[in-house]
Each structure stands twice: as structure tokens, then as C-alpha cells.
Amino acid sequence: MSPVRLESKKQPLIVDIRQRCSNFDLGKEVVDGMRCPPRSLPSLLLWDDQGLDYFDQFSQRSAYYPFHGEIEILRKYGSSIGSSIPSNGVLLELGCGSIRKTKLLLSGLRTQNRPVHYFALDVSRESLETSLGEMKREFEGCHSITVTGLLGTYDDCITWLSGVKLMQECRSVTIMFLGNSFGNMDSHEDASLFLARFRTACLRSHLACRFIISTDVCQNDTKILAAYDIREPALQNFLLNALESANLAFDRQVFNPADWTTATWLDSRKRTLHCYVTAKNDLSASLPVSDNEVEKVSIRKGERVQVITSGKWGKEAMRRISTQAGFQIQDHWEDDDGDYCKRSVPSYRRDN
């Protein structure tokens, strides 16, 4: 299906790239994850407008070093990071939750007078309108930076990239992951496959492909657990909001957030933090599997349901992930504490 253009004179252009014929069914994903232990909910449930607000509140805490480390890197090395982005190319940001980070990078490109067409992908139209409206005001009158929103998921974006016909002068796409979203992949293998899928999509459109990836490399367990302090109401609300989002996906109340609490666990060996919602009592959930049929699932008191993971992957792990996907790490920037870094990761193979 062709993308739908959503624009007005007062708002930046937003292109609806959602695939109407997509086989993705969020309700089905919830059912599949809840059928049997170890149970999980799709992390996509976290990122509705309410969830974004909760996460923004949570990430502003002084103990949440990923946010502050990234701001430090962008302020200190923004010019160098901007220089790694080819001129007259496309800068595609996967998620536009924290516009202040993006503005730091684009401001550097404006100072360098480097032409770039910036695309912001997000699943929330409201978030896109808010963020890009602010971006439009910030860069009004700047002819070297063009701003466009893409409404859809990562899968929608891959499909769009596979068949996109960008401006003739655009020969490259730089895909940017701000925040630690890349570390939210379930495993190194999933992360590598994710990179490879975007690379293949770019190759189909004859575009050179590179990533700018932010990664949490903190090896201090105490610091990590303080950053993700489960006693923080904003973090609790963020995780419990996944249950409310699941109810919206089913268009009925399947989960009562009051029946659940939250928990975290740091796997020190695999360098991954796991975030859960945990049943306060024995529960029974009636999961809709069709318009007229439900599947009852029994959940024991204390049973954990994984909502999201956050990888704390070091240099060697990122090298393996990148190489397996057909990329290589070219540049590296990190904060003063060495807990957070950005990497420029260009593709090193051009398939025929």
C-alpha cells in the first residue's frame, strides 16, 4: 500500500507508512506471550503516549545515567558525530521521544551547513506532531535541514525503505538510535538480525547504509540498579502502563494494574537488566483469541511477566553484533565515566 501523506500548513509533513495488510496483531502477540511460563508482554505496549510521558519523567532523574551520558556526548562530540553523516543524505531516527537530543545533533549540522533530510519514525502520531512541531520552530528558515515524520513501526519502516524513491541526490541513509533502544533487543542475535534487515532494505533501494547507535556499556551493577530503581513511581507507572495498553489492544479490560506490582533483575553474566510486572495474588486472565472466544490463563502469585530488557553490552559484544549483520564499527564516542557511548557503524559489504 502506498504511504499516506498527513500534513497541514501548521504542522510538518508526516507520512503514514503503516502497512494496512500487515499480519502483525498486537493482541495476538499478547496472547502468545502470556500462554505459558516464562511469560512476557511485547515491549511495544510501553510506548504509547502515556508510556512516553512516564518514561520522560523517569529518565530525568539524576541517577539515570544513560540520559545524562548521552546529552554529555552530544554536547562534547556533536560536531564529530555530525561529520560522520554524509552530506545530502537521509538521517532516519528510530523513535523521536527525546527531541532535545536530536536538536543538539541537528544544530551541529546547521552550524556546519551540512544538508540533510531528517526523518523521524514513531508509532505515535501525537508524539510526532509534538516533536516535529518543536523541530520545525527550532529550524525555521534553515534551508539545509528538511524535517519529515514517518508514522509506523520498525517493520513498517523496513518495508518503506525497501521501496522508497528518495530525492535523486540522496545516496545514503544514516539510521540513528538515540537512547538505549538498541539494547532493548532480547539477545545479541536479535540485535544483529535487526541491523541486517535494515541493511537489506537499503540495498534494495541502492542506498549506502550506516547506523549511529547509542549503547549502555556500564559494568557497575550498583550504578545500574540505582538508575533503574524499581521504587521510583515513574518507573512503576511506565511498566504497569503495558497492562493498560494491552487492555486497549483487546478493547476490553483483561488486566487490572492494581493486581500487579513491578520488579527488576540484573543478569550480571549476560549484562542484561530485565523488567517485569509481577502478580500480587493468584490471577486468572481471560485472553480474547477471537470475537467470540477467550482463553483462560492462570497466573500464580509472585509470577513474573517480562515487559522489557535493557542490555549493557560492551565493545566486544557490539563488534560481534555489527560484524554478523554486515557492518563494522568505525567511530566511537563515550561520556567521561565510560558508562555510555555512541558508535558510527557503516555497512562494509555491498551485495549485488
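Residues are numbered from 1 along each chain as its sequence is written. In this predicted model, local features need pLDDT of at least 70 and side-chain atom pairs count only at pLDDT 80 or more, while totals for chains, interfaces and linings use all residues.

Q: At what angle do helix 2 and helix 9 pack?
A: First, the naming: helices (H or I, at least four residues) and strands (E, at least two) are DSSP runs, numbered from the N terminus. Axes are lines fitted to C-alpha atoms, for helices over the stretch in contact, and angles run from 0 to 180 degrees between N-to-C directions. For helix 2 (residues 49-59) and helix 9 (residues 233-250), the axes sit 8 Å apart and the packing angle is about 155°.

Q: Why is helix 1 called oblique to helix 9?
A: Angles under 35 degrees count as roughly parallel, over 145 as roughly antiparallel, 65 to 115 as roughly perpendicular and the rest as oblique. The axes of helix 1 (residues 26-34) and helix 9 come within 8 Å and cross at roughly 125°. That is why the pair is described as oblique.

Q: Which residues of helix 9 meet helix 1?
A: Contact here means heavy atoms within 4.5 Å. On the helix 1 side you'll find Leu26, Gly27, Val30 and Val31. Their partners in helix 9 are Ala246, Ala249 and Phe250.

Q: Which strand gives the largest share of the lining of the second largest pocket?
A: On a 1 Å grid over the protein atoms alone, a pocket is an open set of points where a 1.4 Å probe fits, with protein on both sides within 12 Å along at least five of seven lines; lining residues have an atom within 4 Å of a point. Eleven residues line this one, with Lys136, Phe139, Glu140, Ile145 and Val147 nearest its centre. Helix 5 (125-138) and strand 6 (145-151) each supply at least two lining residues. The largest share, three residues, comes from strand 6.

Q: Is the peptide bond from Pro37 to Pro38 cis or trans?
A: Look for Pro38 in the loop between helix 1 and strand 3 (39-40). Omega for the bond from Pro37 is near -10°, and the bond is cis.

Q: What is the phi of Asn88?
A: Asn88 lies in the loop between helix 3 (65-83) and strand 4 (89-94). Although Asn88 is not a glycine, its phi is positive, at about 60°.

Technical notes. Heavy atoms only, no water.
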